[in-house]
Amino acid sequence: MKINRLILSGVIGCILALQSMTCGAEPVRLTLADSINMALESDEGIESAEAQREAREHAFKAARRSKGPTVNWSSQAYRIGGRDYEALNNAHDTYGSPHTITETTVVGYVWGTGVPVVSEQTGTVGSYAYHNTFANSWSLTVPLYTGGHLEGQIDEARYQLNRADLDTENTRQEVRYDVAEAYANVIYRENLALVAQEAVDKGNTQLELINAMFEEGAVAEADLLMMKVNIANYQQALVSANAAVEIAKATLATAVGLPQDSDIEPMDTFSYEPYHRTLPECESYALEHRPDGLAAEYDIKAAEAQKTSAAAGYRPQVSVVGSQNITSNSPFRSERNNAWSLGLSLSWNVFDNGITAENVRQAEATANAYEAAKRKIRKNILLETRSAYVQMKAAETNIATTKTAVQQAEDSYTIARVRYEEGVDGLLPVTDAQDKLAQARSNYQTALYEYNLSRSMLEKAMGVPVKFDAKRYQELTLAGASANRAEQEARVAEK
């Protein structure tokens, strides 16, 4: 993923550099799919979620490895001296390092021959020099039975890894929605700017006509002044609309990882496609697929694993242990000491003043807290799904209504303009009809924008997958699949 981001950044940089060299202000043409893919590769939130997921994976591996053997080595090197070592050091100076000597003593003579009878005595003299001490020790520990302590820690780490996967997918879905919103906002603001530009153009055309009629004495100067005021208002609205377009483009550029001054040209347009799922179907899908809703299940399971680990304090701990210790005047020698041991170690905390009981109660309380959080998350999922669905249906109704209103406003404007040009009516009905036409067109664009945005919002509320199906992922992990395998098998086809 990091390599892909670097490649993508390099490609984007090259494109922008070439455009600035050859085309000046050449726009960056993007479809919605292009924008989403760029954001998924460059968004820092996704990068952070993936890094946190990697951290959870290493924590899980460390927990699993805790059931295996561990070997510890410790080493010391000291300079020593003092009164306690004087006699030993003197013996070393006199006789050297410890060695065996044999002394011969005449204990008598054989009667009659005078042959001496000799007795040999063997002994050790000398001492090691006590100026330096080098000690090394090795210990081996293999846990055989921990009362569920290690098993609980492994399960907890596994569930936290599963949650991290779902958190990452949830972040991807949030990024997809943010980009869809930003992309739709650019289209919407550009359409409103076109409506504002059309109002200015119509006003200028009308002003030319009024000016000609004024010079002929067919209209009063008040009409000319009124039209100029209206045009000033239209131009002010156009300036605001163009500024909104620039802000929308900067927002989209930021979302997809481009410089904020990029001139983005959306290649897609608003469309209306009826949505056929019912609200109950959407709610059911959301409860089964929302990553944050399913992640709440893993929080509960992790707390239950903590309880298992805490309850191990009631039980004994059994391990295979072994050790070796050596001591010498020189590194890694064993003249002074060489001892080893191998066997079983059993420890049982018979009385811990209630610490284990409190740890178990703490884990139970944590699980209860996550249970409550899960219920709240499910309520929010249903509320978000219902809100997005209702907004989408309202916008769907408004599309038909505002489309009809645009046609009616166009007819009204045409009639008012003709009546004014023929001298049947005044200028005020014309400007009023033009304002209503601009408002009707704005309302139509708003309805299209809200419908498309609400559909994207509904996708986010339902948990429509980006990289993998959260429901399928949960089914696989609860059936015993590893997180990596579950993520692979639950992947959805790239769009």
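Colleague: Which residue is the bridge partner of R79 in β5?

Modeller: Keep in mind that this is a predicted model. R79 belongs to strand β2, residues 70-79, which runs antiparallel to β5, residues 132-145. The two strands are joined by 10 bridges. In β5, R79 has as its bridge partner N132.

Colleague: And moving on from β5, which residue in β7 is the bridge partner of F134?

Modeller: β5 also runs antiparallel to β7, residues 317-328. There are 11 bridges between β5 and β7. For F134, the bridge partner in β7 is S328.

Colleague: What about S319, which residue is its bridge partner in β8?

Modeller: β7 pairs with β8 too, again in the antiparallel sense, and over 11 bridges. Within that pairing, the β8 residue bridged to S319 is S345.

Colleague: Which strands stand at the edges of the sheet?

Modeller: The sheet is open and has 4 strands, with antiparallel pairing and the order β2-β5-β7-β8. An edge strand has a single partner, so one side of it is left without a neighbour in the sheet. From one strand to the next, the twist averages 15°. The strands at the edges are β2 and β8 (337-347).

Colleague: Now the helices: are α5 and α8 roughly parallel or antiparallel to each other?

Modeller: Two packed helices are described by the angle between their axes and the distance between the axes. For α5 and α8 (residues 291-311), the axes lie 8 Å apart and the angle is about 165°. Angles over 145 degrees count as roughly antiparallel. The relation of α5 to α8 is therefore roughly antiparallel.

Colleague: Is the crossing of α5 and α8 left-handed or right-handed?

Modeller: It's the helix pair with the angle of about 165°. Their contact brings together 9 nonpolar, 10 polar and 8 charged residues. As for its hand, the crossing of α5 and α8 is left-handed.

Colleague: Which elements give two or more residues to the lining of the largest cavity?

Modeller: The structure holds 1 cavity of 30 Å³ or more, and the largest cavity has about 40 Å³ of space. Its lining is made up of V195, E198, A199, K202, Q434, L437, A438 and R441. The elements that give two or more of the lining residues are α5 (149-215) and α10 (427-462).

Colleague: How many residues of that lining are charged?

Modeller: Among the lining residues are E198, K202 and R441, and Glu, Lys and Arg count as charged. The lining also has 4 nonpolar residues and 1 polar. The number of charged residues is 3.

Definitions and conventions:
Residues are numbered from 1 along each chain as its sequence is written. This is a predicted model: local features need pLDDT of at least 70, side-chain atom pairs count only at pLDDT 80 or more; totals for chains, interfaces and linings use all residues. Side-chain values use heavy atoms; hydrogens and water are left out. Two strands pair if DSSP finds at least two bridges between them. On a 1 Å grid over the protein atoms alone, a cavity is a set of points where a 1.4 Å probe fits but cannot get out, and a pocket is an open set with protein on both sides within 12 Å along at least five of seven lines; lining residues have an atom within 4 Å of a point. Grid points are joined across faces, edges and corners, and a volume is the space filled by probe spheres set on the points. Axes are lines fitted to C-alpha atoms, for helices over the stretch in contact, and angles run from 0 to 180 degrees between N-to-C directions. Angles under 35 degrees count as roughly parallel, over 145 as roughly antiparallel, 65 to 115 as roughly perpendicular and the rest as oblique. A crossing is left-handed if the near helix is turned anticlockwise from the far one by less than a right angle, and right-handed if clockwise.
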